[in-house]
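This report describes the sequence and structure displayed below.

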Amino acid sequence: MSLRDGPFGDIRVPLTWSAAAALVIAAIIAAALLLGDRRETMKAGAYDTARRAVDAVAGPVGGTISAPVRWTHSGLDYVRGYFDAVSDNRRLRAELAQAQQLRDTLAAVQVENQRLRAVLDIRTDPPLPHVAAETIFDSRGPFANTRLANVGRDHGVTEGNPVLSEHGLVGRIVGVSDHVSRVLLLTDAESRTPVLLVRTNGRAILAGDGGDSPKLDYIRSAMDLREGDRVLTSGDGGVFPRGLPVGTVVRGFDGGWRVQLDSDAAPIDYVQILLFTDFAQLTDERALTPKDLPTAMTEEPSQSILAPTATNALAPRAEKSAVKPGGQGARLNARKSAGTAPVAAKTLASSVKAAAAAKPKPAHAKPAAAASQP
Amino acid sequence: MTAPTIGATRPLSPFGWLGIPSLIAVGATVLLGAPIRIFGFALPEPVLPLALAFAWALIRPSVLPPFTLLLLGLFLDVIWGGPQGLWPLCLLAAYATVLAARRLITGQDMIVMWASYGATTAAAFGLGYALMTMGSGDAPSLLATGWQYLATLLLFPFAWWLVRRYEDADVRFR
C-alpha cells in the first residue's frame, strides 16, 4: 500500500513549509559541524578525512590550472629580458658596486661575529632540515587565509611546521595529506604568532584578521613601539623557532599597531617548509597524565616524620624525590599529590611546626621544602 | 485567453536548475583559487554559491536547495580551509532571508532585485563576520570582508540570469 492510499494521503504540505523544514534541518547540521570544528587544534587527528581528500584532489587541479599561467609569465619575462637588457646592465653595475662594499663589510662583521661567539661560547642552533614546495591553491577571503603546498607526509611534513618564503615567515602547516599540505597564513583570522621586536626586545602576539597586515596584540611596552621596527618570531610557546623574520611595524588605519609582512614583498609561489618539530608536539599529553600514582606517603598519626630531629627526617626524602625517574611527570605527581592529600599536608604542617619549635631557623624556608614532598 | 497549463511549461529538472549551477560555482571557485597575480593583484574571491542561494529561493520553494547549499558551503569550507560549517550557515541564512521575502522580491525590476541581492549578501557576510568574531575572539578585517562582499555583489548578473531562466518554468510558482 502506498502512502497516498493511506489515511495521510490527502494531507498536502505547502512547498514553502517543506522547504523551510529542509532549511532548518540543514542549518542544524551546519551548526553542529561548526561547533565540532577543530581546525586550529593542530593535532594529527583534527584534520579530518574529508579535508584531506579534498586537499588531495584540489592539489593537482590547482597545479594544473596555475601551470599555463606560470609558463606564460616565464615566456613574457624571457622576452622582456631582451628589451630591458640595457637598463638592467646599468642597474646591475650599480648593484655590483654596492655589493662589493657590502662584501667587505660582511667579511669584517663575520670576523667580529666569530670572535664574539668564541668569547661568549654561544652554541649555534642546529641547522633545521627543510623541504621546498610550490603553492598550488590560495584562499584570500576575510574568514580563511590558507594555501595548499604540493608536498605532504611523503616529504616528512607534519602539522606545526613553519613555512617561509624567500623573504620571511608565511605561516605554519595545519593539515597534511600524503602529497599536499595546508598552510595557515599569518593573516588568517585564527592565526596567533608570538613575536619579538628587535629594537626593544619587547614581546607581542601577531594576530591575523583576514587583512594584509596582521595586528600586534598583547604588546609589552607599547609606548616604545616605532614604525619600522623589525619583528621576528620570539620562539615563545615552541611553535616557531626563534628569530624567523616576520615583518616591519606600521600604523594601521584604525590607529593600532600592525605588521607589514616581509613575505608580502613577492608572490608566495615557492615556499620553504622547515621540518621543525615544535615543543608542543614533543609533549605527549597522555604521558603527562599520571598512570601509576606513587603510593600515598601518609604518616601514621602516632609518629612524626621529623622525629627525632626535623633535618634528619626531611633530607633523605628530598634526595629520594630528586633522583626518582619520571622528570616533569614525577614533579607534576608530586604537586598533585600535595594538593590532594590533606592528611599528608596536615601531618607535614604539624611536623614543620614541631621542627620550627625544636630548631630556631627561618620559618619560611622549611615549609617551602616540605611542600615539595609528596 | 486561456489559462496556462502545466503541460505548456518547460520541465524543471533538478539537474538543470540545481546541478549545473552548482557545478559552475564549484568550477569557478577552484579556478579563482589559483595562486596567480595579474599586475600584482590576486584574483578576486567571490562567494559564488551566494548567487545561487538568492536565485534558488526566488525560482521556487523546494526541499532540495537547502541541502545543496549545505553541500556547497561545506565545499567552500574545505577548499578554503575555513572553519567547517561557517559557509553552510551563511548560505542558508541568505536562502532563508530570500525565501521569507520571496513575494516581495519576485517580479521586481533589475535594480530592486540587485538591491535585494545586496541586502541578502550583506546579511550572509554579517553572520559570517559575527561567527568568526565569536570563534576566534577577534574581529576579522572589515576591509577584507568588504572586498569579498564587493566581488560577490558583482555576481548578480549570474543570479539574475538564473532567475530569468527558470522563474517561469512552473506557473504554480509565479
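## Conventions

The expected span of a helix is 1.5 Å times one less than its number of residues. Helices (H or I, at least four residues) and strands (E, at least two) are DSSP runs, numbered from the N terminus. The model is predicted: local features need pLDDT of at least 70, side-chain atom pairs count only at pLDDT 80 or more, and totals for chains, interfaces and linings use all residues. Residues are numbered from 1 along each chain as its sequence is written, while chains are lettered from A and ligands numbered from 1 in the order in which they are written.

## The two chains

Chain A comprises nine helices and twelve strands. Of its 374 residues, 30% are buried; a residue is termed buried if 20 or more other C-beta atoms lie within 10 Å of its own, exposed if 12 or fewer, and partly exposed in between, with C-beta atoms placed from the backbone. Among contacts in chain A between residues at least 6 apart in sequence, 61% join residues at least 24 apart. Two residues are in contact if their C-beta atoms, placed from the backbone, lie within 7 Å.

Chain B has eight helices and two strands, arranged along the sequence in the pattern α-β-β-α-α-α-α-α-α-α. Buried residues account for 48% of its 174 residues. For contacts in chain B between residues at least 6 apart in sequence, the share that joins residues at least 24 apart is 73%.

Helix α3 of chain B covers residues 64-80; at 1.5 Å a residue its 17 residues should span 24 Å, and its end C-alpha atoms are 24 Å apart, which agrees. Of these 17 residues, 14 are buried, so α3(B) is largely enclosed by the rest of the structure. The residue that follows α3(B) is Gly81(B), with a positive phi near 75°.

The axes of α2(B) and α3(B) come within 10 Å and cross at roughly 175°. Such axes are lines fitted to C-alpha atoms, for helices over the stretch in contact, and angles run from 0 to 180 degrees between N-to-C directions. The two helices, α2(B) and α3(B), are therefore roughly antiparallel to each other (angles under 35 degrees count as roughly parallel, over 145 as roughly antiparallel, 65 to 115 as roughly perpendicular and the rest as oblique). Pro49(B), Ala53(B) and Trp56(B) of α2(B) meet Pro65(B), Leu69(B), Leu72(B), Gly73(B) and Leu76(B) of α3(B). By class, the residues of this contact between α2(B) and α3(B) are seven nonpolar, one polar and no charged. Ala, Val, Leu, Ile, Met, Phe, Trp, Tyr, Cys and Pro count as nonpolar, Asp, Glu, Lys and Arg as charged, and the others, Gly among them, as polar.

## Helix α7 of chain B

Helix α7 of chain B has twelve residues, 142-153, which should span 16 Å at 1.5 Å a residue; the end C-alpha atoms are 16 Å apart, in agreement. Its buried residues are Ala144(B), Thr145(B), Gln148(B), Tyr149(B) and Thr152(B). Seen down the axis of α7(B), these buried residues fall within an arc of 135°, so they line one face of the helix; the arc is that of the directions from the helix axis to the C-beta atoms.

The buried residues of α7(B) pack against α2 (48-59) and α6 (110-136) of chain B. On the other side of α7(B), Gly146(B) and Leu150(B) are exposed.

## Loop residues of chain A

Asp178(A) is located in the loop between β4 (169-176) and β5 (181-185) of chain A. Asp178(A) is partly exposed, with 14 other C-beta atoms within 10 Å. Not counting residues up to four places away in sequence, Asp178(A) touches Ala56(A), Gly152(A), Arg153(A) and Asp154(A). Asp178(A) and Gly152(A) are 26 residues apart in sequence, yet 5.0 Å apart in space, C-alpha to C-alpha.

Asn201(A), a residue other than glycine, has a positive phi near 60°. Asn201(A) lies in the loop between β6 (192-197) and β7 (203-207) of chain A, and is exposed, with 11 other C-beta atoms within 10 Å.

## The contact between the chains

The contact takes 46 residues from chain A and 44 residues from chain B. On the side of chain A that touches chain B, the elements that give two or more residues are α1 (15-35), α2 (49-83), β1 (130-140) and β2 (145-149) of chain A. α1(A) gives the most to this side, with 14 residues. The residues of the side of chain A that touches chain B divide into 26 nonpolar, ten polar and ten charged.
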